[in-house]
Amino acid sequence: MRPYNLGLTLMPRKILSKDELLGERARLREAGQKLVFTNGVFDILHVGHVRYLEQARSLGDALVVAINSDASVRALKGAGRPLINQGERAEILAALRAVNYVSVFDDVSPRSLIADLLPDVLVKGGDYSLAEIHGREEVEVAGGRVVSLPFVKGVSSSVLIDGMKESGH
C-alpha cells in the first residue's frame, strides 16, 4: 500500500480504486488471509455503524467497506441524499481502526464488485435477511460465507435525519 498524507501523519493508503482493491485481494489471498466485505451508504456515521464494522472486522483478517457513489445514493434514497459527499464518507470510514480498505462503487447494487472480488466473508446488517443480501450467491458458490450481523435498533441515518428535522436543526 502506498502511504498518503493526512495532516501531519503519514498513514497507509486505505481508499482504493476497484483495480487497486482487486490487487489487494490477490495479495491477501496469496498470503492466506481472509477478506471480509461489507457495503452501504454510510451517510451519517453513528454508533450502530461503528459497532457493526467492528463486528464485521472480527470475522477475518481485513475489512473492505464499499460505499455507494453520490449518484447511486441519489438513485436509492432520493434527491436530498447523500448529506456527505462520497470523498468525505470514504475518508471518515478510512479513519476507523476496524476498516482496512474503502472503495466507492457507482452501481445501485454492489453485486458486480462482489462477484469480481469474491470475499471470504460477505457481511450485512441484521436489517437484511440472507436472501436479500446482494452477492450472496456468488460468494457462496466460491466457497465463502454470508453473515447477517445483529441490527442496532433505533439507530440509523434516517432516524437521525428525521430527528433533526423534527427538532428544527
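Which residues of S3 are buried on one side, and which on the other? I began with this strand. I found Leu 35, Phe 37 and Asn 39 buried on one side of S3, and Val 36, Thr 38 and Gly 40 buried on the other. Buried here means under 20% relative accessible area, exposed means over 50%, and partly exposed lies in between (1.4 Å probe, protein chains only).

**Basis of the entries.** I worked from a predicted model, in which local features need pLDDT of at least 70, side-chain atom pairs count only at pLDDT 80 or more, and totals for chains, interfaces and linings use all residues. Residues are numbered from 1 along each chain as its sequence is written, and side-chain values use heavy atoms, with hydrogens and water left out.

**Strand S3.** I noted that S3 spans residues 35–40 and that six of its six residues are buried. Strands (E, at least two residues) and helices (H or I, at least four) are DSSP runs numbered from the N terminus.

**Partners of S3.** I looked up the pairing next; two strands pair if DSSP finds at least two bridges between them. S3 runs parallel to S4 (residues 62–68), and six bridges join them. Val 36 has Leu 63 as its bridge partner in S4. Between S3 and S4 the chain passes through helix H2 (residues 47–57), and I recorded this β-α-β crossover as right-handed. That term applies if, with the strands pointing away from the viewer, the path from the first strand over the helix to the second runs clockwise. With S6, S3 pairs in the parallel sense over two bridges; in S6, Val 36 has Val 121 as its bridge partner.

**The sheet.** I traced an open sheet of five strands with parallel pairing, in the order S5-S4-S3-S6-S7. S5 (101–105) and S7 (145–149) are the edge strands, each pairing on one side only.

**Helices on the sheet.** I found H2 lying across S3, S4, S6 and S7, at about 135 degrees to S4. Helix H4 (residues 86–94) lies across S4 and S5, at about 160 degrees to S4. Axes are lines fitted to C-alpha atoms, for helices over the stretch in contact, and angles run from 0 to 180 degrees between N-to-C directions.

**Tyr 128.** I located Tyr 128 in the loop between S6 (121–125) and helix H6 (136–141). Tyr 128 is partly exposed, with a relative accessible area of 34%. Leaving aside neighbours within four places in sequence, I found Tyr 128 in contact with Ile 133 and Ser 148; contact means heavy atoms within 4.5 Å.
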